[in-house]
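Dear colleague,

Please find below the structure that I am handing over to you, together with its sequence. My findings follow directly after it.

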Amino acid sequence: MSDMTANTQPTPKSTSSLYDETKRTKRRNQSEVRFKAYGVAAIAIGLFFLIALLVAIFSNGTPAFKQTFITIPVELTESALDKTGNRNVDEMSKVSTFGYKPVVTNALITALKDAGIAIPFKKEKDVEKLLSSSVAAQVRDTVLADPSRVGTSVEFRLLASSRVDGYFKGRVTREDLIRDKNLDAEHLDIADAMAKAGLMATTFNADFIFGSDASESRPEQAGIGVSMMGSLFMMIVVLFLSLPIGVATSIYLEEFAPQNRFTDLIEVNISNLAAVPSIVFGILGLAVFIQFVHLPQSAPLVGGLVLTLMTLPTIIISTRASLKAVPPSIRDAALGVGASKMQSVFHHVLPLAMPGILTGTIIGLAQALGETAPLLLIGMVGFIASNMPDGIASGFLDPNSAMPAQIYEWAKRADPAYYERAWGGIIILLLFLMTMNIIAVILRRRFERRW
Amino acid sequence: MPILWLFVLVLALGLIGFVLGRMRALKDAHGDIRQLHSLPNYYGANVLFATLIPGFAVMVIWLIAQPMVIQSQVTSLIPERAYTDAGSLNLVMSDVRRVAEGLDVAVAEGAMTHEQARDIRSEFTDVRARLGAVGVALGSNVEPYVLQAAQKYRTLSNGGLWLMTVLALGAAVLGFVLSYLRTNKEQRSRNSVERVILVLLIGAASIAILTTLGIVLSLFSNTIEFFKLYPAKDFFFGTTWSPSFGGGSELGIIPLFWGTFYISFIALAVAVPIGLFAAVYLSEYAGPKVRAIAKPLLEVLAGIPTIVYGLFALLTVGPLLVDLFGDGGALGVGWMKGGTAVMTAGLVMGVMLIPFVSSLSDDIINAVPQAMRDGSLGLGATKSETVKQVILPAALPGIVGAILLAASRAIGETMIVVLGAGAAARLSVNPFEAMTTVTAKIVSQLTGDADFSSPEALVAFALGMTLFVITLALNIFALYIVRKYREQYD
């Protein structure tokens, strides 16, 4: 038959060689190249955003770890700080920070004169605007801690005000100061001279990492340490509740649950909870834990409970996956040598699934650590997290902030000096998240068994 | 903290029970483990559970029931003239609680004796000043009936705590003794212990149901409360949003909906093309090396907390867009007034959603059988023609599902819009204007507020309810589509 067709129909004569591109082929090849280029462009755009985000974070955030300090000797005059002269701490603590302020200001004026820096103000006292308003308290605390120092000259490392700090970091320029009543351009001249004389320097600031939040007018003093403790206590709650509950739920659903309505109901609920917006969990926390159970507002305990409910679906889903990955032969072998069902699960399946479970838990914790929205509703913002919790009960129950909530709080404040702190806080938060994720990856690589 | 001590005490009792029960079983078998029905630890665990469960059960039930009983007892002491409705009764009750706590503090600090705290009358002494002296600040002078109620509250709750301690310890000891006496070598302790563990597992699994129930109930009851104060019709169809805590607020949800959908639309317009092309490239074109690097890097975008995106929108993208589209900007169009705008939030949210769309679509495209690709390529189609005419149509339901899931993410996203979108509720088509969303308004109506009696605070629950229903519907619909699609190839 093929012969017949070949005979009756003459082969169509090709007008061109296969090696020549026809117009149509050309168009098709061009569209192929274009399509591939779209794909490359999409990946490139995605990666560009990632890089832009990281560049924004690190370029804006690294200055937060440095702070401008003024190092000057302060003459702790007895007449101002200890009128009775008997170095009694109780009597001395009656002198408030207002009493210390002139002492520090005078020390600054003396130091400037010693260094040969001219003070171009009518009132010499105006140089105190170079200093943070927190320095009086700093000097007072040092004096009260060791009253024997009164009457001597002690070298202090004092915070410069946030405008001066911003000038050294390039955030504040002389033009900005024209309408600023907190600082004048002449102050910057003094600051330049002081930096040259070695009285003022921008150095690493550990207080940003370990210190407490400060009031809105003193960004130079604010740190993220207290809210870090808040986050820590929340994570403890999340870990100790969500791990056992999540593992128990997964074991039940994966190993024991019969196929019935109740099991279906649980499964549907878990998959829905995984998709509920996080802010709804905040509303739940507010209505149930605070309004109904009367737990204290702003407490890390409540934050931990809310985040537990939020993380549970993540942990359950990953735990079930790793339980499923344990081959049935393990269970059969255990049952075959006389173990009960419960024993086969708890003695054999669970230990084998543990690396996977821990990986899932760490990823769930990392998610919870970065979550902000529900914390806003249970009141972990809007106040100054200024006190380190004293003791474990106070850590769980006293009002505190959390790292992401603190960053949000800083971002909402009016002073641009706080933006730098917010970015710096993000660097710390991301370092924690990165560490947790790396631990999870290592756990998975080292301990997870492929069957 | 007597409750903590009670907890520790019951726990200690249980542990002692564990040791004793184990020893008793072994002794009964004369130290020969083969004569026991179960392993020795199960006998111990049996006594442990028999001690802990009744003890803790009494504690939990008491702690839940006591406040309700006390509430109803104390409410009867408050004269009806002092409150007009349930809301103001709650206010009076919180006053009562605060005074009662203040009296506790005063006793603890030694400023008052127990008798004084029980018997003082506000007719004779200034209670507010005396409590203020120990650091308890009260908003107003203490009315005589509030003080009486507070004193009653104190006696009842103190008495209740003592009764609870006695009952809980009694129950624990009873369980201990009974199960200990019943321990012998024939006892089937493994079976009973395993039954208890199974019940605990079921209990843990029920927490998911309880959470959903908690969400629905807390949203629902407060929403009903809100609709009692504010007509539902005005809420769903009102076109103005101007809450004022002084009263006379207009709480129409339409401007919020408009902002939410506008921002989500822009986010999807960014995320869907980029995510989809990235997924196609990664699954069809990229070699294993490129894939191994690019895929995890894109997924890093999904692991970054939303507060970071919020800050990125507020401080980086917003000012950048103003430089381009603002007054005197690089493009000279002057469309944008401030950094916070629909465009800012939408763009950044789009970036956040890229990995979401790309990894879901990647999975779906990979699930398309290889035979379909081979068939198409064998007929002479180019790779892009195969993708466009064979793979994408086959994967379409799954991709639609992925986009719906991304949309539900976008609608429920909070931090980016709180920081990047602005606070003004507006009905406008200009994407460079500030608008606000449902989630942002939930935050601003509820933050730092503990009094939920005004419609301005309660509206947040109605907003939350709407949000919950919308995202739930989207998710269920998306999962339905994805699941239906999967059945075709498995």
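Predicted model: local features only at pLDDT ≥ 70, side-chain atom pairs only at ≥ 80, totals over all residues.

Residues 37–58 of chain A are 100% helix and 0% strand, with 31 Å between the end C-alpha atoms. Residues 349–370 of chain A are likewise 100% helix and 0% strand, and here the end C-alpha atoms lie 32 Å apart.

Turning to the interface, 67 residues of chain A are in contact with 65 residues of chain B. On the side of chain A that touches chain B, the most is given by helix H2 (residues 23–61) of chain A, which supplies 17 residues. By residue class, this side of chain A comprises 48 nonpolar, 15 polar and 4 charged residues.

Within chain B, helix H1 (residues 2–28) packs with helix H2 (residues 40–75) at an angle of about 155°, and their axes are 7 Å apart. Angles over 145 degrees count as roughly antiparallel, and H1(B) and H2(B) are therefore roughly antiparallel to each other. Their crossing is right-handed. The contact of H1(B) with H2(B) is made up of 16 nonpolar, 8 polar and 1 charged residues.

Yours sincerely

Technical notes
Residues numbered from 1 in each chain as written. Chains lettered and ligands numbered in written order. Contact = placed C-beta atoms within 7 Å. Helix = DSSP H or I, 4+ residues; strand = E, 2+ residues; numbered from the N terminus. Nonpolar A, V, L, I, M, F, W, Y, C, P; charged D, E, K, R; others polar. Axes fitted to C-alpha atoms, helices over the stretch in contact; angles between N-to-C directions. Parallel < 35°, antiparallel > 145°, perpendicular 65-115°, else oblique. Left-handed = near helix turned anticlockwise from the far one by under 90°.
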